[in-house]
Amino acid sequence: MNWGVLIVLAGFLLHLNIIGYLYSYNLLHIQFKESFNSTATEAALPGSVSIAFYAVSSLIVTWIFQRFGDRPAGFLGITLCCVGLLTSSFVQEIWMLCLTYGVLYGFGCNAIHLVTIDMIVKYYKGIKSTRCIGITMTASSIGVLFSPCLEWLYTTFQWRISLRILSGVFAIVCIPCMSLFKEKKDNGTPRNIVTQKQENKTRRNMSLFQKYIEMVRIPAFLCLVCSYAMSGIATTFSFVSIVSILYICDIVTW
């Protein structure tokens, strides 16, 4: 069996659990609001920060997996997600959740996401890689459908114990999946291998700024950035109470 199929399956499970839970923050938002007796805007901040770091940490994550490899970067992402959930279950102030759940979990999600895409691109070329990435990304939306299970978990065990349970479940499920992310062996002709080595050497000699300038020139990258920006704005404002913000800024009055 083609090992790339296992890569796609593992990436699907990673997004189903980790990224799917990221987009299910609306239930956790209610728990935070009731537990900390905070406003809707204050309770929404951890979720907004996590989604922001899910996108803005891409430059750092890219450098990490280019420097140390995909699998170590993926394991780092899983560790950050699990540690973020575990430490969030012990915090007593809602602003601390912006660090534990927002920064740690958001950064970890981005690492898992980018590593999965990079591995799929290495195993599949052209339209096949597009289809495989699309299949993997659909898991993020499917994971949101498990909201009734999360609601039952929060109701039965309260949100603190639930985060500890989810931290353990994610570790048990995601670590074996990430273990399947092994580098593909190059079976090309000697001439292709030499050409690839020369291209890799040229890329290594390029500065980080030059690499990103080259990437920004790709039309598909610009479309992807715009898509993420629009989806991030839409998701963020679904958490934040716009009326409360306008009231705090004295723009409107009750």
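**Notebook: an all-helix chain and one of its pockets**

I started at the end of helix α4, where Gly69 follows with a positive phi near 110°. Helices here are DSSP runs of H or I with at least four residues, and strands are E runs of at least two, numbered from the N terminus.

Ground rules next. I'm working on a predicted model, where local features need pLDDT of at least 70, side-chain atom pairs count only at pLDDT 80 or more, and totals for chains, interfaces and linings use all residues. Residues are numbered from 1 along each chain as its sequence is written, and side-chain values use heavy atoms, with hydrogens and water left out.

**Confidence**
I checked pLDDT, the predictor's confidence in each residue from 0 to 100. The chain's mean is 82, and 79% of its residues reach 70 or more. Helix α5 (residues 70–88) has the highest mean among the elements, 93, while helix α9 (residues 190–205) has the lowest, 57.

**Overall fold**
I found twelve helices and zero strands. Of the 254 residues, 39% count as buried (under 20% relative accessible area; over 50% is exposed, partly exposed in between; 1.4 Å probe, protein chains only). I also looked at contacts (heavy atoms within 4.5 Å): among those between residues at least 6 apart in sequence, 80% join residues at least 24 apart.

**Back to α4**
Which residues of α4 are buried? In this helix (residues 58–68), I get Val61, Thr62, Ile64 and Phe65. They cover an arc of only 160° around the axis, so they sit on the same side of α4. The arc is taken from the directions from the helix axis to the C-beta atoms.

**Second largest pocket**
I then looked at the second largest pocket, with about 250 Å³ of space. A pocket here is an open set of points on a 1 Å grid over the protein atoms alone, with protein on both sides within 12 Å along at least five of seven lines; lining residues have an atom within 4 Å of a point. The lining has 13 residues, and Asn17, Phe146, Leu150, Leu166 and Phe170 lie nearest the centre. Helix α8 gives the most, seven residues; α1 (3–22) and α8 (147–179) each supply at least two.

**Ser167**
My last stop was Ser167, in helix α8. Ser167 counts as buried because its relative accessibility is 8%. Leaving aside neighbours within four places in sequence, Ser167 is in contact with Cys82, Leu85 and Leu86.

Conventions. On a 1 Å grid over the protein atoms alone, a cavity is a set of points where a 1.4 Å probe fits but cannot get out, and a pocket is an open set with protein on both sides within 12 Å along at least five of seven lines; lining residues have an atom within 4 Å of a point. Grid points are joined across faces, edges and corners, and a volume is the space filled by probe spheres set on the points.
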